[in-house]
Amino acid sequence: MILDAVLARALSLGEAARGTTSPNPPVGAVVVDSDGRIVGEGHTQPPGGPHAEIMALADAGPRARGATAVVTLEPCNHQGRTGPCTQALLSAGIARVIYLTPDPNPKAAGGAAWLRQRGVDVRYHDVEVAALRPWLTSVRLGRPHVTLKVAQTLDGFSAAADGTSQWITGPEARHHVHADRARRDAIVVGTGTALADNPSLTARDVGATRQPRRVVVGTRDITGVASNLVRLGFEQYPSIDEALAALQADGAVDVLVEGGPTLAGAFLRAGKVDALRCYLAPLLLGEGRSIIGGGLAATLSEAVAWRRIAVGEVGEDLVLDFVRKGD
């Protein structure tokens, strides 16, 4: 049985790696001795660096012999930029491996079977690992995982009837957005947002060690107006599909769409939104601008259903996370 503290630590280590590992998955690993004490821990390093198991084994040193390794993803069994983690676990003398997610990548899968064949006690413990969700989706769909972020009033408006929208949410929610940006591979807006808001699309005041790529979708020229994007650098693509294909080709896994209602509606109608992050402000307008441009369903039976996975408080606002029902 896995101690709750050990499981929580492995999950938190994987979460800490989010935003730094793409195109590799953010994995957490701990090494536990026979008394249930953590003697080594680590998470995936940036591309080209050691995987989580290697970091945890190095931390444990000789205490790894006869110990148990708890890993949020099945250990890889292939030679890439780094060697197979299966061989490292075997060489270190690990007696048992518990993994929380099977590896869906055919190039890396098979680690559990390989270790079992060599006498290691390998067990699968079925736990949903939130940090791996974008990577798993990307592997399954062959494109980056897309989260649509919206901020709205209680009655579902993103702006007042006169167009004012700053600020619907409070300062704590805005800080939360910047922390979220720091974990993403790219931020996507449309040309309308770029021209109207002159955004920077950076993660600010959160100690970010890297910045997401700034991506604009649309054909209008923004260089004469969007001075912040011109100064910081951006990529522009004429369509959603071309943007996602280019991002996938360059190793992006986790994309955040922050554009206005036109782009939000386009992504949703294209079926290219995998998760929703909704900031809900304690305001009522009665009328205003919708968070989504254009219709999505003519009747309730045609509506796309979502599954709530998290609810949090950020100052006076709420943040709600959803994934497509069935995913």
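What volume does the largest cavity have? In this predicted model, the largest cavity has a volume of about 90 Å³. A search of the whole structure finds one cavity of 30 Å³ or more. Its lining comprises 13 residues, and those nearest the centre are Gly-19, Ser-22, Pro-26, Val-253 and Asp-254. By class, the lining of this cavity has five nonpolar, four polar and four charged residues.

The largest pocket is treated next. About 1,200 Å³ of space lies within the largest pocket. Its lining consists of 40 residues, with Lys-149, Ser-165, Thr-193, Asp-197 and Glu-258 closest to the centre. Several elements each supply at least two lining residues. The strands among them are β6 (145-152), β7 (157-159) and β8 (186-190). The helices are α6 (171-181), α7 (191-197) and α10 (261-269). The lining of the largest pocket divides into 18 nonpolar, 14 polar and eight charged residues.

UniProt, in an unreviewed entry, lists Ser-165, Trp-167, Arg-181, Leu-201, Arg-204 and Glu-258 under "binding site". The lining of the largest pocket includes Ser-165, Trp-167, Arg-181, Leu-201, Arg-204 and Glu-258. Two of these residues can be described further. Ser-165 sits in the loop between β7 and α6. The relative accessibility of Ser-165 is 36%, so this residue counts as partly exposed. Ser-165 is in contact with Ser-158 and Ala-159, leaving aside neighbours within four places in sequence. Trp-167 also lies in the loop between β7 and α6. Trp-167 has a relative accessible area of 54% and is therefore exposed, the cut-off being over 50%.

UniProt also places the feature "binding site", again from an unreviewed entry, at His-51, Cys-76 and Cys-85. These residues span 35 residues in sequence, yet no two of their C-alpha atoms are more than 9.2 Å apart, so they gather at one spot. His-51 lies in the loop between β2 (38-43) and α2 (52-60). Cys-85 belongs to helix α3, which covers residues 85-92. Buried residues have under 20% relative accessible area. His-51 is buried because its relative accessible area is 17%. Cys-85 is also buried, with a value of 1%. Not counting residues up to four places away in sequence, Cys-85 touches His-51, Glu-53, Ile-54, Pro-75 and Cys-76.

The largest nonpolar core holds 29 residues. Within this core, Val-31, Leu-89, Ile-94, Val-97, Leu-115 and Val-122 touch the most other members. Two or more core residues come from each of β1 (28-32), α2, β3 (68-71), β4 (96-99) and α4 (111-117). Helix α2 gives the most to this core, with four residues. A second, separate core has 24 residues, including Val-150, Ala-186, Leu-263 and Ile-291.

Leaving aside neighbours within four places in sequence, Val-31 is in contact with residues including Arg-37, Ile-38, Val-39 and Gly-40. Its other contacts include Ala-56, Leu-57, Ala-60, Ala-64, Ala-67, Thr-68 and Ala-69. Val-31 also contacts Ile-94, another of the residues that touch the most other core members.

Methods
Residues numbered from 1 in each chain as written. Predicted model: local features only at pLDDT ≥ 70, side-chain atom pairs only at ≥ 80, totals over all residues. Heavy atoms only, no water. UniProt positions renumbered as here; feature names shortened; annotations may be inferred. Buried < 20%, exposed > 50% of the residue type's maximum accessible area, 1.4 Å probe, protein only. Contact = heavy atoms within 4.5 Å. Core = buried A, V, L, I, M, F, W, Y, C linked by side-chain atoms within 4.5 Å. 1 Å grid on protein atoms, 1.4 Å probe; cavity = no way out; pocket = protein on both sides within 12 Å on 5 of 7 lines; lining within 4 Å. Points joined across faces, edges and corners; volume = space filled by probe spheres on them. Nonpolar A, V, L, I, M, F, W, Y, C, P; charged D, E, K, R; others polar.
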